[in-house]
Amino acid sequence: EEQAEQEKVNSLGTLKIKSEDLSETNDNILKNEEQIMPQNLLPEEQFQLAFDLLRSQKFEQAISALKAFIQDHSSNVLSGSAHYWLGEIYLLKKEYREAALVFAEGYQKYPKSIKAADNLYKLSESLLKIEKENEACDTLNQFILKYPDHQLIKKTESKINEIQCN
């Protein structure tokens with residue numbers, strides 16, 4: 001199951017953003033929000049709907065749905081995962097500062113989440129994209145201390161060597 005989850009993560013890197021996915025204005029998204037996120041859903045159903053929008057490459061709708069989930073269910077166990085997937089969308093859209101903020105919040109607010117380590121690793125990637133090398137190194141070193149047995153440990157060590165962290 002963990003490998004299947006990792007394959008989903010890896011497959012995100014190959015998604016192409018189509019211009020029609022980005023062409024919806026915020027007004028249209030707000031107008032369609034009832035369609036995107038029907039009322040009276042269980043938290044798990046709301047998260048699944050948001051995730052399905054992401055997998056369908058409806059990125060703007062997925063952003064709205066994930067933000068709504070985080071706002072409505074901040075104490076839910078899936079909120080850390082919602083931050084992770086929201087951050088992934090921002091990475092795909094090359095909105096690196098926004099991605100860094102989302103990954104950092106996801107890691108800080110949900111340190112016990114199934115996606116906590118992934119949030120921390122992706123935070124380092126986002127920081128590198130916005131030329132915050134020292135902060136990225138600190139984040140990668142924190143990853144090694146907190147998650148020495150995680151599946152991303154070799155990738156983390158490699159990244160530390162690549163960017164020559166102290």
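**View 1. Contacts across the predicted protein chain.** Among contacts (heavy atoms within 4.5 Å) between residues at least 6 apart in sequence, 55% join residues at least 24 apart. This is a predicted model, in which local features need pLDDT of at least 70 and side-chain atom pairs count only at pLDDT 80 or more, while totals for chains, interfaces and linings use all residues. Residues are numbered from 1 along each chain as its sequence is written, and side-chain values use heavy atoms, with hydrogens and water left out.

**View 2. The helices and their cover.** You will find 11 helices and zero strands here; these are DSSP runs numbered from the N terminus, helices being H or I of at least four residues and strands E of at least two. Of the 166 residues, 49% are buried, meaning under 20% relative accessible area with a 1.4 Å probe, protein chains only.

**View 3. Confidence along the chain.** Mean pLDDT, the predictor's confidence in each residue from 0 to 100, is 83 for the protein chain. Helix α7 (residues 79-92) has the highest mean, 98, and helix α2 (residues 19-22) the lowest, 37. Over residues 1-34 pLDDT stays under 50.

**View 4. Helix α5, residues 43-55.** The 13 residues of α5 reach 18 Å from first C-alpha to last, close to the 18 Å expected at 1.5 Å a residue, that is, 1.5 Å times one less than the number of residues. Pro 43, Gln 46, Phe 47, Ala 50, Phe 51, Leu 53 and Leu 54 are buried. They cover an arc of only 155 degrees around the axis, so they lie on the same side of α5; the arc is that of the directions from the helix axis to the C-beta atoms. After α5 comes Gln 57, with a positive phi near 60 degrees.

Note on methods
Buried means under 20% relative accessible area, exposed over 50%, partly exposed in between (1.4 Å probe, protein chains only).
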